[in-house]
Amino acid sequence: MELMPLQIDLPPGFSGMPVGTDDMMNRGHAWTMAGNLAGGAGKSVEEFGSYLMALVPTMQANGIRVFGKFAVGRRRGDVATLTLGVVQWPDPAPGSRDALVAAMAEEYRGRHKGAVVQPVRLPIGPAVLAISGGEFHLPERDVRTQIKAEYQIPLPDGRSVVILSVVAESDDAWPAVAEATAKVAWSLRAGETP
């Protein structure tokens, strides 16, 4: 099945990689990203690149097309992770995209009780917007705060949904996370067929 070509505008300072079906291109993107981020992660380019390449099959299997990080918020060191994926339904969605978005929003509310969820209208069409936050308790009493902004955007082809998720580990950064995610979502448009 051919996927609808998409284009987005990524946040300033975004360092990441597109994920496609061409393994040579994926390897090139992974090594470029490793070159940009390995030093900050305390790893060699080879080690970091190997980690990224190990993730590629899982990203491909989950429809992820773009993955990376960018600075967000006012505090130095606040970094957000952006993931954009496209999932396919086995059959075309029945009815209008507005009705589909209303049903998706209701389902999201049911699964994520603390999230703020609402239908929104983007230039590409109707979408679900969800903002959530929480704490994750890790071993040795390490508690991590996480804020997430997510858009679920049914595409005009009736078979695909874009899921755009931006996550940061800083509750202070939540307005910046919401703003950056909205800018990416609003920039989503159909790309040109190669």
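Modeller: Helix 2 has a kink of about 30° at Leu55, shortly before the proline Pro57. This is a predicted model, where local features need pLDDT of at least 70 and side-chain atom pairs pLDDT 80 or more, while totals for chains, interfaces and linings use all residues. Residues are numbered from 1 along each chain as its sequence is written, and side-chain values use heavy atoms, without hydrogens and water.

Biologist: What is meant by the bend at a residue?

Modeller: The bend is the angle between axes fitted to the seven residues ending there and the seven starting there.

Biologist: Nice! Why is Arg121 called partly exposed?

Modeller: Buried means under 20% relative accessible area and exposed over 50%, with partly exposed in between (1.4 Å probe, protein chains only). Arg121 has 48%, so it is partly exposed. In helix 2, by contrast, Phe48, Gly49, Leu52, Met53, Val56 and Met59 are buried.

Biologist: What makes the link between the side chains of Arg121 and Asp98 a polar contact?

Modeller: A polar contact is a pair of N or O atoms within 3.5 Å; within protein, one must be able to donate a hydrogen and the other to accept it, and residues adjacent in sequence count only if both atoms are side-chain atoms. Here the distance is 2.5 Å, and the two residues are 23 apart in sequence.

Notes
Helices (H or I, at least four residues) and strands (E, at least two) are DSSP runs, numbered from the N terminus.
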